Amino acid sequence: MSNSMPEGTYKFDGEMATLGFNLNRMCFTFNESASRQAFKDDEAAYCDKFGLNEVQKKAILERDIIALLRNGGSIYYLAKFAGVLGLSVQDLGGIMTGQTTAEFQAYLDSQQVGKPNG
Amino acid sequence: MANIIGMIGTSHIPAIGRAMDQGLEETPYWVDFFDGYKPMRSWLQQEQPDIAVLFYNDHGLSMFLDKKPTFAIGCAPSYENADEGWGIQPIPPLTGETELSWHIVNHLIENDFDPTVCQDIKVDHGATVPMSVLYPGKAYKGVKVIPISINCERHPMPKPARSYAFGKAIGDAIRSWNSDQKVVILGTGGLSHQLDGERAGYLNTDFDRDCMDKLITDPAALCQYTNDDLTRIGGAQGVELAMWLAARACINVPVKEIERRLVAPISNTSAGLQLLVPA
């Protein structure tokens, strides 16, 4: 069985989960509004509180979602990070694919099925 | 013996909940998708199931990576939900069915499945969105829910064949429960989609159609896939097919299809809807 993943896919396995544990733990706290506010008040300090490494912290501060994925971020918790930033999953898709949100939406729409009234 | 009346496969993405909250069901983007629920809601109203056994995956509300079950089953009298960090409104709690939950747990462990048993757990959009969309107006008070979660986040995940066997054992458990209650099975999530990476936005509606066909005619054929296969063919979150497989496996007889929709894109996904009943 091949473990090779398609290009642009980051398999979230034990190695990645180990690397990303603190990052994901930080983003897990974004379930709570007080934590979201604490992050917004001082992003760098909040990253430090959870022990993110410098690469992860830089990626958080720069909204570099691909770097977060490469450094152990799980999309489930990165989605909560996107929520803090007020970004939709289409915005997130645009950021990760190097497109505008409209371009990313157009890519989704190019795969349209089952919308005779859409 | 309890009676399994059928299976509903449905997407569970947060965008569906938001669309309902914002009254967008009849807008061009959504209308074809929500139309698919009308026959399902009518069927539920007609059949009046007492219990919904609901397969979902927790997306980081109750099951963080620190202690993340591979398979888990709710054994609680009720299930709250909560803020997940992106602004979907919490809904009134779901009512549980502890007697059947424990019956399933006992049966599973006797039959060599060892799920995590949850006596107090919050459920996330994976469970609340399907209940909200199938029972508009939050009118799900009359149906008791047993949430069963499958890890779809962190590899290693259960093999599709294992989720199928798990569902089969749960179906056997339900049928062996000494009760005349009616049970509907909900398989949630999917279908093809990939949220993360430069490959984000990938869908494979041909594969989704094939899966929906196979769920009717030959569900065991879907057990040939590994989770890596599903990632390649159906996107990184295409592994959520596990919940549909487990749900279908609860019904141990041939089925017929009452309703099907496949609509894409719905948010970043190809969204499936399917109602299958014993033939």
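Author: What follows is a chat about how the labels on this structure are reached. This is a predicted model, where local features need pLDDT of at least 70, side-chain atom pairs count only at pLDDT 80 or more, and totals for chains, interfaces and linings use all residues. Residues are numbered from 1 along each chain as its sequence is written, and chains are lettered from A and ligands numbered from 1 in the order in which they are written.

Reader: Okay, why is B:A15 called buried?

Author: The rule is a count: a residue is buried if 20 or more other C-beta atoms lie within 10 Å of its own, exposed if 12 or fewer, and partly exposed in between, with C-beta atoms placed from the backbone. B:A15 has 22 other C-beta atoms within 10 Å, so it is buried. You'll find B:A15 in helix α1 (residues 14-21) of chain B.

Reader: How do you know what is a helix or a strand in chain A?

Author: Helices (H or I, at least four residues) and strands (E, at least two) are DSSP runs, numbered from the N terminus. By that rule, chain A has nine helices and zero strands. Across its 118 residues, 39% count as buried. In α2(A), the buried residues are A:L23, A:N24, A:M26, A:C27 and A:F28. These pack against α4 (43-49), α5 (54-61), α6 and α7 of chain A.

Reader: How do you know which residues of chain A touch chain B?

Author: Two residues are in contact if their C-beta atoms, placed from the backbone, lie within 7 Å. On that test, 46 residues of chain A are in contact with 39 residues of chain B. The largest share of chain A's side, six residues, comes from α7(A). Sorted by class, that side has 22 nonpolar, 16 polar and eight charged residues. (Ala, Val, Leu, Ile, Met, Phe, Trp, Tyr, Cys and Pro count as nonpolar, Asp, Glu, Lys and Arg as charged, and the others, Gly among them, as polar.)

Reader: What makes strand β7 of chain B "mostly covered"?

Author: Seven of the seven residues in β7(B), residues 144-150, are buried.

Reader: How do you know which strands pair with β7(B)?

Author: Two strands pair if DSSP finds at least two bridges between them. Strand β2 (residues 51-56) of chain B has six bridges to β7(B) and runs parallel to it. One of the partner pairs there is B:I51 with B:K144. Strand β3 (residues 71-74) of chain B has three bridges to β7(B), and that pair is antiparallel. B:F71 is bridged to B:I150.

Reader: Why is the crossing of α6(B) and α9(B) called right-handed?

Author: A crossing is left-handed if the near helix is turned anticlockwise from the far one by less than a right angle, and right-handed if clockwise. Helix α6 (residues 160-175) and helix α9 (residues 241-249) of chain B pack at an angle of about 35 degrees, with axes 7 Å apart. (Axes are lines fitted to C-alpha atoms, for helices over the stretch in contact, and angles run from 0 to 180 degrees between N-to-C directions.) The crossing of α6(B) and α9(B) falls on the right-handed side of the rule. The residues in this contact divide into nine nonpolar, three polar and two charged.

Reader: Last one: what makes a set of residues a nonpolar core?

Author: A nonpolar core is a set of buried Ala, Val, Leu, Ile, Met, Phe, Trp, Tyr and Cys residues joined through C-beta atoms within 7 Å. The largest one has 85 residues, and B:V53, B:L54, B:A246 and B:C250 touch the most other members. Its largest share, eight residues, comes from α9(B). Apart from that core lies another of 31 residues, among them A:Y10, A:L23, A:A59 and B:I88.
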